[in-house]
Amino acid sequence: MTLGSVLFTLCGWWLLFYRFFFLLNPLRLGAEIMMTILGGASLALLAPCLPWPPPPFGVLTLAIVGVLLSSCGFFFPAIVLAITLGVGTGGFAWQLGACSVLGEVPYTHGILLTTMSIFMVLLFVCIPGTAGPGPMKVVLAPCLGALLFTVGLAGLLPEFKIGLTPSDLLAEEPCEPGMADGGRRLKGLAAWALLSSCGIATQLVFIKLASRIEDQNGEDKGSLAAHLLPQGSRSEEDGAHIPRPGECGEEGKKSYSTIAQAISAPEGADLSHLTENERKIVEICRTDEEERDRILWGGGLL
């Protein structure tokens, strides 16, 4: 049993089921804090790629770096999760056959992991349609959670050979067929795929439940926030329209930036520099996760 395996199992379980705790208002703040900590700590999966520091300090170092990055701003948690999922995906691709094709070419292992990380960041953070809070919650988080839980459990129970351990997943050598060593590579891939499917389905159920709870409470904060935002308007086709930060000139950019920073500010921070409407927007977004995501991610940014 290693520190990394315990950490990855815990992080994986959280990413698979964290939405449940968001349904309980008293636990929402704690769930957001745990999401920042455990989501950021998932970066520790990259520890086997580091020649220094030695275990377990590499795991601890990357976990701390990931948590700090996740605390820096709203987009950073998605970037950390996407990088980690990209490295894990690249590791599976290498173990399941890429090593036999590319193994003779120098540096291809690192190039493959880096390429997959960049691809995942582009997919879940930069490209309109696949980026944003929706894909992050429904696809990115559960898929990474399934990966971390699978490799973490394999590390905790190595005698059962149920999959690849974290160090095995990112190892450059040896290059063996998929059925070698009891077929651990294929077992790990199958477990990851099955758990990812279950995780995605679970996230959809939790999101549906959250929507029903909001409907039952009769809260219509979306339209209120839309009218409060700079030059927000109603559209018969699209509902509330929130302009891009650049659509209202320099004043709109400044107002949008001020609101975004205030939303992420700690409780008790001085908001006296905000207008009355801006303070109302901040209050709404601090108590309504969906509205906050819509404004910070989808308020014309994507």
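**Notebook: core and helix packing**

I am working with a predicted model. I looked up the nonpolar cores, and the largest one has 50 residues. Within this core, Leu-85 and Leu-147 have the most contacts.

Next I checked which elements give two or more residues to this core, and found α1 (3–22), α2 (25–41), α3 (57–70), α4, α5 (108–126) and α6. I noted that α4 supplies the largest share, ten residues.

I went back to Leu-85 and listed what it touches, leaving out residues up to four places away in sequence. The list is Met-120, Phe-124, Leu-140, Cys-143, Leu-144, Leu-147 and Trp-192.

Then I turned to one helix pair. How do α4 and α6 pack? Helix α4 covers residues 76–102 and helix α6 covers residues 133–156. I read an angle of about 50 degrees, with the axes 10 Å apart. The two helices are therefore oblique to each other. I recorded their crossing as left-handed.

I wrote down the residues that make this contact. From α4 they are Pro-77, Ala-78, Leu-81, Ala-82, Thr-84, Leu-85, Gly-88 and Phe-92. From α6 they are Met-136, Leu-140, Cys-143, Leu-144 and Leu-147.

Methods. Residues numbered from 1 in each chain as written. Predicted model: local features only at pLDDT ≥ 70, side-chain atom pairs only at ≥ 80, totals over all residues. Heavy atoms only, no water. Axes fitted to C-alpha atoms, helices over the stretch in contact; angles between N-to-C directions. Helix = DSSP H or I, 4+ residues; strand = E, 2+ residues; numbered from the N terminus. Parallel < 35°, antiparallel > 145°, perpendicular 65-115°, else oblique. Left-handed = near helix turned anticlockwise from the far one by under 90°. Contact = heavy atoms within 4.5 Å. Core = buried A, V, L, I, M, F, W, Y, C linked by side-chain atoms within 4.5 Å. Buried < 20%, exposed > 50% of the residue type's maximum accessible area, 1.4 Å probe, protein only.
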